Amino acid sequence: MKLFKYISLSIALGFIGFSCTLEEKPLFPSADNLYSSVEGSHTVLNGCYSGLADFNYYGADFMHLTYFSSGLFTSNRDASLVDIIALQQTPSLNFVENVWRASYRVVGRTNDLLENLEAVELGDELEQNNIMGQAYFIRALAYFNLVRIYGDVPLLTKNPTLETMNQPRSESSLVYDQIITDLENAKVKLRAAETQMPGRPNMYAANMLLAKVYMTLAGNQSAGQTNYWQMAYDEAIEVYEKYNLVADYRKLFEEGTANNTPESIFEIQGNVENTLRLHQLFTPSNGNAGRSVWGRIKPNIECYDMHVAKYPDDPRHPATFMTEWTKYAANGNTSTVKTYPTWTKRNNKDKSYPWLDKYYIRETTRSSYDTNMNFVVLRYADLLLMLAEIENELNGPDNAYQYVNLVLARARNSADIPSVEPADWSGLSQEEFRADIMFEYRFELLGEGHEWFNDRRRGYEYFKTNVIDIHNNHPGYDFNVKRDVFLPDNSRNMLMPIPQAEITGNPNITQDDQNPGY
């Protein structure tokens, strides 16, 4: 049973979504009542979390937008094969617009909460700070996603008025300054891990997210060119040994054991009443008895092949890829479908690609896709890989092995009979370690929402070489058939376009302000 259920709130005078739809009429008690007690303020805070879990954000469209355009995933949704999966997204594409709108709705709710709590005293200073710390963290996460996906974006930190609701794009550097400020505030206001409510971010979540911010700002620069690697290390090391890896990798993705584990640092809470669409997105449309799922997202074949080539007997394979599944016909009959790599022919919707097992519906006889499963945004294995990458950039691989080898050791032991693979790393040059650690993120975290960001933060040449070229040169594809999509060599795909609805509705953002190439 969840400790709390999401409450859909409309609390701000001007939730930012699109300039033409800024105002939401309040449906709940007045601000004076909501912000007069800890309980009322938690109600508002739940609305901020509800915004994160909304269908148009982490509930589904964040996956649609970032997975489809990552270059690493495909879909059974034919319409997406010719636009966003082919990196041909447009400013009016629904996923482009929905994530923007949902992100600013979250920003608006956190702005409202922070502005009101700064003006009152609830009588419990520790918990008032904790509520504000969570709001700072949520706002920072929303802006971090916005600036990485769209580049320069409007920066609003107060409830808008009629005079201030239409803002121009702010330079990315200013947005990053605000993200850093918010996370510094979150670090000092959030409760420690041992006293924070399960499912809510604690001070270490702020450390980890701030480390990701500094790694993004470091880009492909060396430690001699920027201090951001050291700043990232200073934040990431604060989280080291504060969490534990779950002993069995498989348990991270089984519905009964996946939520709020000792490895989880921050996750989006879901439940069957307010379900995240994980099963619906990642299970084929006839993969459960109720035939209620969509089959929207599945890995490209190079994701499977590269992982198997690197670690042939890695126990993470069967926990990551679903290569054999039960198909339910409308009359109730079932059949077994074997996918790639057993099926190597192209142009078959059911067989030409594997599925992602992490969110695949386990009880296939269920009639509904509803799930209690959460979506993990930050977990400790990712933190260990970050520390390995950062340490290698600062000092070379000698002291970086210890971090990645913890992740590999857990992987080896995540089988009924422990495997010898993936073996510990040793003997690498700094350049070899750098190349390998970037792919280790993909092996450990595939489908967990990091691909779009990790593969772009080192610049376009890295993205082209390690995503586009690997995909386009894979011998298993036939780009003359419908299901296999050739990826264009176009640097515009480092960013999404500014949504057309924002350009239409905001007089301070015009077509001349659009991202290059759109």
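**Close-up 1. Five cavities sit inside this predicted model.** The count is 5 cavities of 30 Å³ or more. Here a cavity is a set of points, on a 1 Å grid over the protein atoms alone, where a 1.4 Å probe fits but cannot get out. Points are joined across faces, edges and corners, and a volume is the space filled by probe spheres set on them. Because this is a predicted model, local features need pLDDT of at least 70 and side-chain atom pairs count only at pLDDT 80 or more, while totals for chains, interfaces and linings use all residues. Residues are numbered from 1 along each chain as its sequence is written, and side-chain values use heavy atoms, with hydrogens and water left out.

**Close-up 2. The largest cavity holds about 220 Å³ of space.** Its lining runs to 21 residues, where lining means having an atom within 4 Å of a point. Phe144, Arg148, Lys212, His450 and Phe453 lie nearest the centre. Two or more lining residues come from each of α7, α9 (203-218), β8 (375-379) and α17 (451-454); helices (H or I, at least four residues) and strands (E, at least two) are DSSP runs, numbered from the N terminus. The lining splits into 12 nonpolar, 5 polar and 4 charged residues.

Close-up 3. Strand β8 gives the largest share of its lining, 3 residues. Phe375, Val376 and Arg379 are among the lining residues, as are Tyr359 and Glu448. By type, the lining has 7 nonpolar, 3 polar and 2 charged residues.

**Close-up 4. Phe375 also belongs to the largest nonpolar core.** A core is a set of buried Ala, Val, Leu, Ile, Met, Phe, Trp, Tyr and Cys residues joined through side-chain atoms within 4.5 Å, buried being under 20% relative accessible area with a 1.4 Å probe, protein chains only. Helix α7 (residues 125-150) gives the most, with 15 residues. Beyond four places in sequence, Phe375 is in contact (heavy atoms within 4.5 Å) with residues including Tyr58, Met63, Tyr67 and Tyr359.

**Close-up 5. Strands β5 and β6 form a hairpin.** Residues 324-328 and 334-338 pair in the antiparallel sense over 5 bridges; pairing takes at least two DSSP bridges. Glu324 stands opposite Lys338. In the turn, Gly332 has a positive phi of about 95°.

Note on methods. Buried < 20%, exposed > 50% of the residue type's maximum accessible area, 1.4 Å probe, protein only. 1 Å grid on protein atoms, 1.4 Å probe; cavity = no way out; pocket = protein on both sides within 12 Å on 5 of 7 lines; lining within 4 Å. Nonpolar A, V, L, I, M, F, W, Y, C, P; charged D, E, K, R; others polar.
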